[in-house]
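Student: I have a chain open and would like to go through it. Can we start with the overall picture and then look at the charges?

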Amino acid sequence: MELYNGALDANEITSRWYNDNRLKNYGAIISFVGVVRDEGGIDGLSFDLYEPILKAWFDCWQEVAKSQNAIILMAHSKGDVAIHKSSFIAGVCSPKRKVALKLINEFVEDFKANAPIWKYDLVGDERIYALDRSQKLPNAGILA
């Protein structure tokens with residue numbers, strides 16, 4: 001798990017992941033790059049995260065992947081990310097294509113639902129909590 005201040009350099013991260021893993025006999029190396037969309041008049045998004053819970057959540061996913069002879073990779077932004085820049089990159093390396101395709105989908109969906117990351121809209125000089133696009137985290141009560 002890699003955390004960065006500001007936008008992610010998708011080219012550097014995905015190329016590095018590929019180069020670090022291509023000789024490890026994986027038959028599939030899949031990346032998902034999330035990009036901040038220009039919608040609703042925002043200038044970008046801003047992210048707060050709780051690293052201890054995020055690490056524990058990610059470690060659980062690594063165990064799921066390991067049980068299928070795969071690994072999961074993740075990079076996420078902290079702080080502000082302008083529109084048309086990347087804030088989230090996920091990757092799966094697996095000997096089998098079907099395993100990688102299934103894991104990347106499950107991982108990204110669970111990330112959106114359960115990762116302890118809070119999103120804010122950036123509009124002008126304001127940072128506005130994106131309540132309408134947030135989900136209550138299990139056992140957190142943060143959005144109660």
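Tutor: We will take the fold, then the salt bridges, then a surface patch. Bear in mind that this is a predicted model.

Student: Fine. How many helices and strands does the chain have?

Tutor: The chain has 3 helices and 7 strands. Along the sequence they follow the pattern β-α-β-β-α-β-β-α-β-β.

Student: And how does the radius of gyration compare with the globule rule?

Tutor: The radius of gyration is 16 Å, close to the 15 Å that the rule gives for 144 residues, so the chain is as compact as a globular protein of that length. Along the principal axes, the C-alpha atoms fill a box of roughly 50 × 35 × 25 Å.

Student: What share of the residues counts as buried?

Tutor: Of the 144 residues, 39% count as buried.

Student: On to charges. How many salt bridges are there?

Tutor: The count comes to 7 salt bridges. Side chains of opposite charge can pair when their charged atoms come close.

Student: Start with Glu12. What is its partner?

Tutor: Glu12 pairs with Arg16, and their closest N and O atoms are 2.7 Å apart. Both residues sit in helix α1 (residues 10-21), and because they are 4 residues apart there, about one helical turn separates them.

Student: What about Lys78, where does its partner sit?

Tutor: Lys78 forms a salt bridge with Glu51, with the closest N and O atoms 3.5 Å apart. This pair links distant parts of the chain: Lys78 is in strand β4 (residues 71-82) and Glu51 is in helix α2 (residues 51-66), 27 residues apart. Lys78 is partly exposed, as its relative accessibility is 26%. Glu51 is partly exposed too, with 38%.

Student: Change of topic. Which residues form the negative surface patch?

Tutor: Asp38, Asp43, Asp125 and Glu126 form it.

Student: Where is Asp43, then?

Tutor: Asp43 lies in the loop between β2 (28-35) and β3 (44-49).

Student: Last one: where is Tyr129?

Tutor: Tyr129 is in strand β7 (residues 126-129). Its relative accessibility is 26%, so Tyr129 counts as partly exposed.

Student: How far is Tyr129 from Ile53?

Tutor: Their C-alpha atoms are separated by 20 Å, and the two residues are 76 residues apart along the chain.

Notes:
Residues numbered from 1 in each chain as written. Predicted model: local features only at pLDDT ≥ 70, side-chain atom pairs only at ≥ 80, totals over all residues. Heavy atoms only, no water. Patch = residues over 30% accessible without salt bridge, like charges linked within 9 Å, V, L, I, M, F, W, Y side chains within 5 Å. Areas by Shrake-Rupley, 256 points an atom, 1.4 Å probe, with all protein chains shown as cover. Salt bridge = Lys/Arg side-chain N within 4 Å of Asp/Glu carboxyl O. Lys, Arg positive; Asp, Glu negative; His and termini not counted. Charge placed at Lys NZ, Arg CZ, Asp CG, Glu CD. Helix = DSSP H or I, 4+ residues; strand = E, 2+ residues; numbered from the N terminus. Rg over C-alpha atoms; globule rule 2.2 N^0.38 Å. Buried < 20%, exposed > 50% of the residue type's maximum accessible area, 1.4 Å probe, protein only.
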